Amino acid sequence: MIYTMGIENKLKRAKKILLLGGYGYGNVGDEAQLSATIDIIKEEYPNSIVKVLTPNLSYTAREHNCSVGLAPRVAFYDQGTSKIYSINNKNKKSPIHYLGNEFFKLLFLLRSFWIMFNAVLIKLRLPSFLLGAKRVALLEEIRTSDLVYFVGGGYLTGKTLSRLWDGMFFIRIANIFKVPVVASGQTIGVWNSRFNKVLAKWGLKKVRAITLRDPEDSLAALKEIGLEGENIFVTCDDALFCRKEESQKEVEKFLINSGMDEIKIKEGFVTLNIHYWGLNTQAEKNDLLVKIKSIVDVTKEKGFNNILIIPMTPSDEQTIDDYLSSYKEEGLYKFKYEYDFRIIRAVIAQSKLCITMKHHPIIFAVGEKKPVISLALGDYYEHKNKGALKLVGLDKYNVSLDDKDYLLYYNDRIDSIINNEENIKSIIEENFKHIKERKKKFISIVKEQIN
């Protein structure tokens, strides 16, 4: 039991909160979600013990100045030293790959139920059975907590299979110890299989409050598995109100280091994010680069001559490098920084327009009342990106790159932005009022659970 010393020299029990999410890999959107969540908890519970479960202890502790412990993917499933956590929904053409994937799915389930069995033993104060030290340590972390808080993200979906399964078993283990669970700012769904639906319902029905970051698809996905009610509602992505770098000189330093001079910075620029996530063959990647080239050409034709291509995670850099080596032209710059969400949010805030394949540049752009166009590739990003825009009344600015007429739609959307910039800002501000009210409702529910 953990205590803190009060002003009157009385011992008061401090609340211990475990945070879980998709962070720990240098993805600035995920880190922004975690940072904003820690800020909220510290504001509401200044004396609470916040412990972040992460796959990268030193990185998370350094970036967020917080207490850390091993994430279940490492402590329970040996990510990095075992293939159990590499399960996916893809039926490989190779029978060997397919059978291997099914074998590791079985191991994942057996491991999970074995850990649950040990959780029951620990609850009954009995010795654990054939369980290593790191697994026992994480079970003790859960048992001694007051709240498990799933930080927002798109990891509770069929597209991110190992994370979905991991999350559902973690929720049920917390339930064994009678520790309440809440989930904030989630994208949920894209189930891909009947089994995933059954498992998701089994886990999520034990969550005391679920808030979502898109107003339709995630609600529909939950309803599809029989979950709805007053404690399931839409708020926003947790990164919407995260901090940004306030020093203009600091931001300009990064822009200049990326190849822009003061004249270009003063002229203004567009931010663009591109990535290969979900693409498996070189032909698919080449096709994407051709589409991005056509998007860039239209953008320049509309008078946006300076385009700053921003990576949101280190893996994006390969896509950017491939594009810049394939299409050498004036006015294109690759942004160089140390993956600090405060910096990239400030850069997007300074841009004239944000064009992005990924989700979090949308969040940063609307958070700064900037116009944005989504380039969604595949059902996963269609779900995430269109949902993020719909939340602020701008869903028409999502363009599907899978549509054969994508360029026609993009041309129309960029014209709309040029002609309606002030109106777009008003729409965002009006929707922010409702988002803030719903966020307050979630915080009140969290307070009820933790108390």
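1. Gln33 belongs to helix α1, which covers residues 28-44. This is a predicted model, so please read every value in this note as computed from it.

2. The surroundings of Gln33 deserve a look in your viewer. If neighbours within four places in sequence are set aside, Gln33 is in contact with Val151, Gly152, Gly153, Arg213, Asp237, Asp238, Ala239 and His360. Gly21 can be located relative to Gln33 too: 12 residues separate the two in sequence, and their C-alpha atoms are 8.8 Å apart in space.

3. Now to the chain as a whole. Its secondary structure comprises 17 helices and 16 strands. For 451 residues, a compact globule would have a radius of gyration near 22 Å, and the 23 Å of the chain agrees with that. The C-alpha trace spans about 70 × 65 × 40 Å along its principal axes.

4. Of the 451 residues, 55% count as buried. Among contacts in the chain with a separation of 6 or more, 72% come from residues 24 or more positions apart.

5. Buried or exposed: which is Asn118? Asn118 is buried, because its relative accessible area is 0% and the cut-off for buried is under 20%. Asn118 lies in helix α4 (residues 95-123). Apart from neighbours within four places in sequence, the residues in contact with Asn118 are Ser128, Phe129, Leu131 and Leu139.

6. Gly80 sits in the loop between α3 (72-75) and α4. With a relative accessible area of 75%, Gly80 is exposed, the cut-off for that class being over 50%. Pro55 lies 25 residues from Gly80 along the chain, and the C-alpha atoms of the two are separated by 9.5 Å.

7. Next come two helix pairs. Two packed helices are described by the angle between their axes and the distance between the axes. The crossing of α6 and α7 is left-handed.

8. Which residues make the contact between α6 and α7? From α6 come Leu161, Leu164, Trp165, Met168, Phe169, Ile171 and Arg172. From α7 come Phe195, Asn196, Leu199, Ala200, Trp202, Gly203 and Leu204. Sorted by type, the residues of this contact are 11 nonpolar, 2 polar and 1 charged.

9. The other pair is helix α11 (residues 282-301) with helix α12 (residues 316-326), packed at an angle of about 70 degrees with axes 11 Å apart. That angle makes α11 roughly perpendicular to α12, since angles of 65 to 115 degrees fall in that class. α11 and α12 cross in a right-handed sense.

10. In the contact of α11 with α12, Leu289, Ile292, Lys293 and Val296 of α11 meet Thr319, Asp322, Tyr323 and Ser326 of α12. By type, these residues divide into 4 nonpolar, 2 polar and 2 charged.

11. For the helix pairs, α6 and α7 cross in a left-handed way, whereas the crossing of α11 and α12 is right-handed.

Conventions. Residues numbered from 1 in each chain as written. Predicted model: local features only at pLDDT ≥ 70, side-chain atom pairs only at ≥ 80, totals over all residues. Heavy atoms only, no water. Axes fitted to C-alpha atoms, helices over the stretch in contact; angles between N-to-C directions. Helix = DSSP H or I, 4+ residues; strand = E, 2+ residues; numbered from the N terminus. Parallel < 35°, antiparallel > 145°, perpendicular 65-115°, else oblique. Left-handed = near helix turned anticlockwise from the far one by under 90°. Contact = heavy atoms within 4.5 Å. Nonpolar A, V, L, I, M, F, W, Y, C, P; charged D, E, K, R; others polar. Rg over C-alpha atoms; globule rule 2.2 N^0.38 Å. Buried < 20%, exposed > 50% of the residue type's maximum accessible area, 1.4 Å probe, protein only.
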